[in-house]
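Subject: Structure handover

Hello,

Here is the structure for your files. My notes follow below it.

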Amino acid sequence: MLALSSACRYYFYRGVTDFRKSFDGLSGLVRAELGHDPLQGDIFIFLNRKRNQIKLLHFEGDGFALYHKRLEQGTYQLPHTTDSTHSIQMSHQQLLLILQGINLESVQRRKRFCLPKKS
């Protein structure tokens, strides 16, 4: 079962994904394009060209889980970044905002304490 929490790392693939790909194709894309091991339990996020479908790939310890959602109207927002990497690491809150259709630029965060990020 997919549960979004701060315990996982989330990687948004910036390229356009062929949505005919399933478990093996997407895990191969994670290895080849992103340079990550999909077996580590991270969640990888993919959008199609029209940005009306999203797939989340997650290894749950005994096998892969794939979450696929198609919007009947509207599109998913791409997170903005200034670097040219193939993926963007994001928080589970950002992913929830994207799934709910909330504009990421309009969100204002109040100051909170957080531990330094581990590399």
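The buried residues of α2 pack against β1, β2, β3, β4 (64-70) and β5. Helices (H or I, at least four residues) and strands (E, at least two) are DSSP runs numbered from the N terminus. The buried residues in question are His92, Leu95, Leu97, Ile98 and Leu99; buried means under 20% relative accessible area, exposed over 50%, and partly exposed in between (1.4 Å probe, protein chains only). After α2 comes Gly101, with a positive phi near 80°.

This is a predicted model, in which local features need pLDDT of at least 70 and side-chain atom pairs count only at pLDDT 80 or more, while totals for chains, interfaces and linings use all residues. Residues are numbered from 1 along each chain as its sequence is written, and side-chain values use heavy atoms, with hydrogens and water left out.

Cores

The largest nonpolar core has 16 residues, and Ile45, Ile54, Tyr76, Met90 and Leu95 have the most contacts inside it. A nonpolar core here is a set of buried Ala, Val, Leu, Ile, Met, Phe, Trp, Tyr and Cys residues joined through side-chain atoms within 4.5 Å. At least two residues of this core come from each of β1 (10-16), β2 (43-47), β3 (53-59), β5 (87-90) and α2 (92-100). The most come from α2, which gives four. Apart from this core lies another, of 10 residues, including Val30, Leu34, Phe44 and Leu57.

Beyond its neighbours within four places in sequence, Ile54 is in contact with Phe19, Ile45, Phe46, Leu47, Tyr67, His68, Lys69, Tyr76 and Leu99. Contact means heavy atoms within 4.5 Å.

Strand pairing

β1 pairs with β2 in the parallel sense over four bridges; two strands pair if DSSP finds at least two bridges between them. In this pairing Tyr10 stands opposite Ile43 in β2. From β1 the chain crosses through α1 to β2, and this β-α-β crossover is right-handed, that is, clockwise from the first strand over the helix to the second with the strands pointing away from the viewer. β1 and β5 run antiparallel and are joined by four bridges. The bridge partner of Tyr10 in β5 is Met90.

Asn52

Asn52 sits in the loop between β2 and β3. Is this residue buried or exposed? Asn52 is buried, at 18% relative accessible area. The side chains of Asn52 and Asn48 are joined by a polar contact of 2.8 Å (N or O atoms within 3.5 Å; within protein, one able to donate a hydrogen and the other to accept it, with residues adjacent in sequence counted only if both atoms are side-chain atoms). Leaving out neighbours within four places in sequence, Asn52 is in contact with Lys69, Arg70, Leu71, Gly74 and Tyr76.

Salt bridges

Three salt bridges are found in the whole structure, each a side-chain nitrogen of Lys or Arg within 4 Å of a carboxyl oxygen of Asp or Glu.

- Arg9 and Asp42 meet at 3.1 Å, N to O. The pair links distant parts of the chain, 33 residues apart: Arg9 is in the segment before β1, and Asp42 is in the loop between α1 (23-34) and β2. Arg9 is partly exposed at 40%, whereas Asp42 is buried at 5%.
- Asp18 and Arg20 have their closest N and O atoms 2.9 Å apart. Asp18 is partly exposed at 32%, and Arg20 is exposed at 75%.
- Glu72 and Arg70 have their closest N and O atoms 2.8 Å apart, and both residues are exposed.

Regards
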